[in-house]
Amino acid sequence: SSSSSSSSSSYSSSSSSSSYSSSSSGRRRKRKRRSRGEKKRGGKKKKKKTAFDVVAAATAAEEDARNAAAAAHMRQQLALAQQWVQSQANGGHSLNEKMQERKTREVYVGNLAMNIVNTEMLSEVFNNALASLSPEGPAVLGVNMSPDNKFAFVELRTIALSDAAQHLDGVELCGRNMKVGRPKGWVDPSAEAKATAAAAEAPTVASGVKATTSAAAAAAA
C-alpha cells in the first residue's frame, strides 16, 4: 500500500511536471509565431516620405536640370568649334567673325520664372510670335538657358527677326514680364557696316585732298 501510494505520488508529480512543461512550450511557440507575424506585417509597411525626402528630391531634379543645360551649352559650343574648323578648311571667316555674326541674331531674355520656363517653352513662344516673319522655317535656331534658369539667350534665324523680337519685351510668361533686349557686346550691324565703309573711303579722300593741294601749290608757283 505504501509502495502504491508512493508510485501514485510519483506519477502525479511527473504528470504535473510534464503538463507544465508542455504548456510552457506551447506558450513559447505562440510567442514565436506572434513575433514572426509582427515582423512580416512590419516588413510590408511603406516608409512615409518626410519633408527632407521631398526637399532632397526637388534638389536632385534641379541639379539634373542644371546639368542638362550645361550639357546643351557644351554641345552648342562644340558645334561652333566644328563650324569654325570647317570654315578655316574652306578659307571662310574666323571664329570671332562667326561669333559676332551670331550675336547680331541673338536676343537676351530675362526675368524668367525659375523651374517653370524651359528651352522648349521659350522656343515655342518666339516661334509663334515671329511665325509670320519667318516663312522659310522656325524663327528660333537655339536657346541657351542659364544654369539657374533665370535668363536665356535666344538665337534667331536672321537679324531682322532679332529686331522684331524686341517687341516681346514686357510680354507676360508664366506670371512674369519678360525682359527682352540685346545681349552684352551687341554691335549694330548697320552702324558697323557704315564704319567699315568710312574707313575704306578715308585713304581715297586723303589722297584726293593731297592731290588737290599739290595742284593748287603748283598753280600758285
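Helices (H or I, at least four residues) and strands (E, at least two) are DSSP runs, numbered from the N terminus. The structure is a predicted model, in which local features need pLDDT of at least 70, side-chain atom pairs count only at pLDDT 80 or more, and totals for chains, interfaces and linings use all residues. Residues are numbered from 1 along each chain as its sequence is written, and side-chain values use heavy atoms, with hydrogens and water left out.

Strand β1 (residues 106-110) has 4 of its 5 residues buried, buried being under 20% relative accessible area, exposed over 50% and partly exposed in between (1.4 Å probe, protein chains only). Two strands pair if DSSP finds at least two bridges between them. β1 runs antiparallel to strand β3 (residues 152-156), with 4 bridges, and antiparallel to strand β6 (residues 179-181), with 3 bridges. Val 109 has Ala 152 as its bridge partner in β3 and stands opposite Val 180 in β6.

In strand β2 (residues 140-145), 5 of the 6 residues are buried. β2 and β3 are antiparallel and joined by 5 bridges; Met 145 stands opposite Ala 152 of β3. The two strands form a hairpin with 6 residues between them, and Asn 149 in the turn has a positive phi of about 65°.

Glu 155 lies in strand β3 and is buried, with a relative accessible area of 11%. Its contacts (heavy atoms within 4.5 Å) include Gln 76, Arg 105, Val 140 and Leu 141, residues up to four places away in sequence not being counted. The side chains of Glu 155 and Arg 102 are joined by a polar contact of 3.5 Å, a term for a pair of N or O atoms within 3.5 Å; within protein, one must be able to donate a hydrogen and the other to accept it, and residues adjacent in sequence count only if both atoms are side-chain atoms.
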